[in-house]
Amino acid sequence: MKRHPQTSLIHATRKAPQFISTVQPPLFRASTIIFNNTDALFNRHWTDDYDYSYGTHGTPTTYTLADQIALNEGGEHCLLAPSGLSAINLVNSCCLSHGDEVWVADNIYGPNMEHLRDLQKRYGIVVKVYDGLDAQSFQPSKQAKLLWLEAAGSVSLEFPDLKGLIKKAKQAGVCIALDNTWGAGLAFNPFDLSDEHLAVDISVHALTKYPSGGGDILMGAIITQDKVLHHRLLRMHALQGIAVSADDTAQVQRSLSSMALRYAQHAKSTQTVLDWLIHQPAFSQVLHPAYPQSAGHQYWLEICQTGLSAGLVSVVFKPEFDMQAVRAFCDHLQLFKLGFSWGGPLSLVMLYQIEDMRHLAHPHLNAGILVRFCIGLEHPEDLIQDIAQALKRMNSP
Ligand SMILES: *Cc1c(COP(=O)(O)O)cnc(C)c1O
């Protein structure tokens, strides 16, 4: 049948041969996925592992990345979300109903706490804050449904008593969700912690950080082991229309192959910078889980038997350095750029008034302005020199 150009430009004739094999998997962009026939249309079911029925449900491109992420985290199932925060919110909206209690660590990723406070106001969810260093501060009531863990905690980097907290949550029948962005599935296995086969129920990973590795793509993942829980999350994922871009997925897939090597280098460079930071008189504290004087170091030793840590290290300036001085320090840095997020090649810096961010007493943290360094892939000696020159210039404006 002879067709008009308008038609033939839409119906491509060449198909890729089945046997063609490339280093990276082929990229599938899809809203519509075409069914082979009506049998395929009527026999599909949303709980099938690979339900190819619509772009929001998944394509070979998204399933390939999801499988790799699940494998890396030690889980069975994985859902992708357009950002780490979106992945967190999916867990909250799936696990919490009116009257339920949710427990969050005081040093949890800030926007998660903010979102939960919003749910508290609007939907009557009860938010309780605990201290990750003290498992006894987690006292779930009968209404407790969800415990959020983060190891190490955001900004101040305390490593929590994961084993103690998980044991208590299991006893109380509370669903355990871990924000595992810091560990990235590399520092420890969230589904098999230490020798006692302790596991979280849900691991959430901001793929924006190390899996993307470029500082340019936003994505999140929700990893589980239990099929029933996965299906609850999958249903909510579909109903909320959560979907990721095929191109972004392919970019993350491509970066994932070097993630373990990059993570190890970030960890090593951070240790080099840390070894220098602890001798600088401007700081009253240096915070990093592998540093024996940091809060929660003993829990890090227990859990991170790989000896690995993410490329984050924070310092607390001595009280004589006021906000103006610390701002000058940040402005004088040349290699470290001022910006949120981490996990890319570029080193970043951010400053915080930690007193304004914590709800519970935090005697282990000195008073003073906190600066967090995200160590990128530059040579650590250059990074040290950069911090040294900024400290010098801050003192002599
Ligand atoms: C960055 C981050 C998130 C959020 O990820 P986005 O993709 O930026 O939304 C969540 N948790 C932690 C610990 C993070 O560092």
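Student: How much space lies in the largest cavity?
Tutor: About 110 Å³. This is a predicted model, where local features need pLDDT of at least 70, side-chain atom pairs count only at pLDDT 80 or more, and totals for chains, interfaces and linings use all residues. Residues are numbered from 1 along each chain as its sequence is written, and side-chain values use heavy atoms, with hydrogens and water left out.

Student: What counts as a cavity or a pocket here?
Tutor: On a 1 Å grid over the protein atoms alone, a cavity is a set of points where a 1.4 Å probe fits but cannot get out, while a pocket is an open set with protein on both sides within 12 Å along at least five of seven lines. Lining residues have an atom within 4 Å of a point. Points are joined across faces, edges and corners, and a volume is the space filled by probe spheres set on them.

Student: How many cavities of 30 Å³ or more are there?
Tutor: Two.

Student: Which residues are closest to the centre of the largest cavity?
Tutor: Asp106, Asn107, Asp131, Glu158 and His364, out of 13 lining residues. By class, the lining has five nonpolar, four polar and four charged residues. Here Ala, Val, Leu, Ile, Met, Phe, Trp, Tyr, Cys and Pro count as nonpolar, Asp, Glu, Lys and Arg as charged, and the others, Gly among them, as polar.

Student: And how many charged residues line the second largest cavity?
Tutor: None; its lining has seven nonpolar and four polar residues. About 40 Å³ of space lies in that cavity, and its lining includes Tyr210, Trp342 and Cys374.

Student: Switching to the largest pocket, where does it lie?
Tutor: Domain 1 (38-256) and domain 2 (259-393) both give residues to its lining, so the pocket lies between them. The domain bounds come from an automatic or database assignment. About 700 Å³ of space lies in this pocket, and of its 35 lining residues Tyr109, Gly110, Pro111, Ser154 and Lys209 are the closest to its centre.

Student: Which element gives the largest share of that lining?
Tutor: α5, with four residues. Helices (H or I, at least four residues) and strands (E, at least two) are DSSP runs, numbered from the N terminus.

Student: Is histidine 237 buried or exposed?
Tutor: Histidine 237 counts as buried because its relative accessibility is 5%; buried means under 20%, exposed over 50%, partly exposed in between, with a 1.4 Å probe and protein chains only. Histidine 237 lies in helix α7 (residues 227-239).

Student: What lies 2.7 Å from a polar atom of its side chain?
Tutor: The backbone oxygen of leucine 80.

How values were computed. A polar contact is a pair of N or O atoms within 3.5 Å; within protein, one must be able to donate a hydrogen and the other to accept it, and residues adjacent in sequence count only if both atoms are side-chain atoms.
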